[in-house]
Amino acid sequence: QVQLVESGGGLVQAGGSLRLSCVASGSIFSIYTMGWYRQAPGKQRELVARITSSGNTNYSDSVKGRFTISRDNDKKTVYLQLNTQKPEDTAVYYCCKLGAVYYWGQGTQVTVSS
């Protein structure tokens, strides 16, 4: 089992940037595929980005070119850099360890004002 703690959310204006961090503990981090998801009010939780243990990344079409996922295995941390943010990016962002069983962090709120 792994515990995940997100941080870095906040309130920004459209066009602004944030960097979210997710620190993992309790398990071997380097072998995990990690992901960032988000859930906006009234919408389903959706995949934003994911990164495999080897560093391969995937992004949703809505954030491709604006967001970047990365990881630091020594720090057991996965990051999400959110650039050129839009009001539509407003959501609670969740860090997740993917696999047979998904483990979720508590989430961090990102609010983008117009």
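The largest nonpolar core of this predicted model has 26 residues. A nonpolar core here is a set of buried Ala, Val, Leu, Ile, Met, Phe, Trp, Tyr and Cys residues joined through side-chain atoms within 4.5 Å. Buried means under 20% relative accessible area, exposed means over 50%, and partly exposed lies in between, with a 1.4 Å probe and protein chains only. The residues with the most contacts inside this core are Met34, Trp36, Val48, Val78, Leu80 and Tyr93. The elements that give two or more residues to the core are β3, β4 (34-39), β5 (46-51), β7, β8, β9 and β11 (108-113). Its largest share, four residues, comes from β3. Strands are DSSP runs of E with at least two residues, and they are numbered from the N terminus.

Before I continue, a word on the basis of these values. Residues are numbered from 1 along each chain as its sequence is written, and side-chain values use heavy atoms, with hydrogens and water left out. Because the model is predicted, local features need pLDDT of at least 70 and side-chain atom pairs count only at pLDDT 80 or more, while totals for chains, interfaces and linings use all residues.

Let us now turn to strand β3. Which strands pair with β3? Strand β1 (residues 3-7) pairs with β3 (residues 18-25) in the antiparallel sense, over five bridges. Two strands are said to pair if DSSP finds at least two bridges between them. In this pairing, Glu6 stands opposite Cys22 of β3. Strand β8 (residues 77-82) also pairs with β3 in the antiparallel sense, over six bridges. There, Val23 stands opposite Thr77 of β8.

Cys22 leads us to the next topic, the cysteines. A disulfide is a covalent bond between the sulfur atoms of two cysteines. The cut-off applied here is a pair of cysteine sulfur atoms within 2.5 Å. The structure holds one disulfide, and this bond joins Cys22 to Cys95 with an S to S distance of 2.0 Å. The pair links distant parts of the chain, Cys22 in strand β3 and Cys95 in strand β9, 73 residues apart. Both Cys22 and Cys95 are buried. The torsion about their S-S bond is about -80°, so the disulfide is left-handed.

Cys96 is itself buried, with a relative accessible area of 0%.

Most residues other than glycine have a negative phi. Lys76, however, is not a glycine and has a positive phi of about 50°. Lys76 lies in the loop between β7 (67-72) and β8, and is partly exposed, with a relative accessible area of 35%. Thr84 also has a positive phi, near 45°. Thr84 is placed in the loop between β8 and β9 (91-97) and is partly exposed at 46% relative accessible area.

Leaving aside neighbours within four places in sequence, Ser60 is in contact, meaning heavy atoms within 4.5 Å, with Leu47 and Val48. From C-alpha to C-alpha, Ser60 and Leu4 are 22 Å apart in space, and they are 56 residues apart in sequence.
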